[in-house]
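Thanks for making the time this morning.

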Amino acid sequence: MSMRRIFRTLAPTILIVASVSLAAFAGLHREKLTSRTAPQRTIIMTVDDLPGAEPGTDHATSDLKQLQRINRTIAAILKAHHVPAIGFVNEWKLQVPGERDARAALLADWLAAGLTLGNHTYSHPDFQITPLLQFEDETIRGEVVTRALMSARGQSIKYFRHPFLNTGPTPEAKAAFEAFLKERGYEVAPVTFDCADWMFNDILGRAIEKKDKKLAEKTKREYLEYMDTIFSYFEGVTRNLFGRDIPQILLTHDSELNAESFDALLTRIERRGYKFVPLEEALADPAYSTPDKYIGPEGISWLNRWKIAFGQDPDFRHNPDPPKWVMQMSEEIRKAHLNK
C-alpha cells in the first residue's frame, strides 16, 4: 500500500461479521497462543510499490535513473543487514515505452539480491471503490512479468498486498476476492506496523526539489523518531491481544526516503531485539489464524482488525499519527499534484 487515507474525524461504518461465541473463541485462542517460553522477537520487512514510489502521488512511473539508484541502494542495505524482504509490485510502472526491459530488470535485480516479490495489483486501485471483477482483473494483470521473472528462478509468486490496505467494501466482496486469491494460489500479506512513510517521502521529495537540506534532514530525523513511536505502540497492542510478542510485519515503500533512511532504520530495529525473517515464517504463527472481521473505508493494521475477533473495538483512531506538520504538508503536496 502506498497511500493510507486518513479519516480521523469521521466515524467509518464498520460491519462486523457475526461469529459463534466470540468470547469462547477469544478464550480458546489465548490458551492456544500462551507459552511458558516467550518466542524470539521477529519482524518481516515488506516494501510496497516496486519499482518505485513517487513523492506526492501513488500513480506515477518516476524517472528510470532515479528508480535504478533507489532500488540498488535499498537492495544493498537489505542485503547488508541480512533482511529477507519481500517487495510488492505495481506492474503498470513497468509499462513505459522504450524502458520496459530496463524497468523489468529492476525486479530481476531485486530477486538476484536474494529478495522476493509479491503482487500489489497492476495500477494500485482502491478496492473500496473498485468493482470486484475489475479488481480481480487488476490482480491478474499485475502478476504477468513478476510471475515470469520468479519462475525463471524456480520460484512462485505467493503473496498479495491490497493497495491502501483496503480489503473490500462489503463482507460479500471481501469473501469473494479472498476465494479468488486462494484459487490463484495467493495468500494475503497482512500488516501489523504501518508507519505512514509515504507522508515523509512526500516532504523529502519537496525538500530535494527545493534544495532545502534543513527540511530534508528534519524529515528523515522525525521519520525515524515516529517509527520508534509506532513500534512501541503496536508492541503494546500485541501483548494486550496475545499475551506475548508475535512476528510483526512492517509496511514500507520503495522510495527515496527509505533509500536514505533504511540503514539507520534497520539498525534501530535490530537494537529493539528483532531478527528479520521471511513472510512465511510470520504467517505460520498461530496469531495469524485470527479472523480478519473488519469492513470499512480505513486501511488499518491487522492488530486493530483482530480486536474485533476478540470482541473489542478496533480503536484505530487512537493509533499514533505522524507529527501534525508532516500530515499537513503531505496533504498540501498531494493536493497540488492532483491540480497539475
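**Overall make-up**

The protein has 12 helices and eight strands, where helices (H or I, at least four residues) and strands (E, at least two) are DSSP runs numbered from the N terminus. Please keep in mind that this is a predicted model, in which local features need pLDDT of at least 70 and side-chain atom pairs count only at pLDDT 80 or more, while totals for chains, interfaces and linings use all residues. Residues are numbered from 1 along each chain as its sequence is written, and side-chain values use heavy atoms, with hydrogens and water left out.

The mean pLDDT, which is the predictor's confidence in each residue from 0 to 100, is 91 for the protein, and 89% of its residues reach 70 or more. Over residues 1-36, however, the pLDDT is below 50, although this stretch has 95 contacts in the model beyond near neighbours in sequence; contact here means heavy atoms within 4.5 Å.

Of the 340 residues in the protein, 54% are buried, that is, under 20% relative accessible area with a 1.4 Å probe and protein chains only, as against exposed at over 50% and partly exposed in between.

**Two helix pairs**

How do helix H4 and helix H6 lie relative to each other? The axes of H4 (residues 132-141) and H6 (residues 171-183) come within 11 Å and cross at roughly 25°, the axes being lines fitted to C-alpha atoms, for helices over the stretch in contact, with angles running from 0 to 180 degrees between N-to-C directions. H4 and H6 are therefore roughly parallel, since angles under 35 degrees count as roughly parallel, over 145 as roughly antiparallel, 65 to 115 as roughly perpendicular and the rest as oblique. Among the residues that meet are Phe 135 and Ile 140 in H4, and Phe 177 and Leu 181 in H6.

Turning to H7 (residues 197-209) and H8 (residues 213-242), their axes come within 8 Å and cross at roughly 170°, and these two helices are therefore roughly antiparallel to each other.

**A residue in a loop**

Finally, is Phe 310 buried or exposed? Phe 310 sits in the loop between helix H11 (302-309) and helix H12 (324-338), and it counts as buried because its relative accessibility is 10%. The C-alpha atoms of Phe 310 and Thr 290, which are 20 residues apart along the chain, are separated by 9.0 Å.
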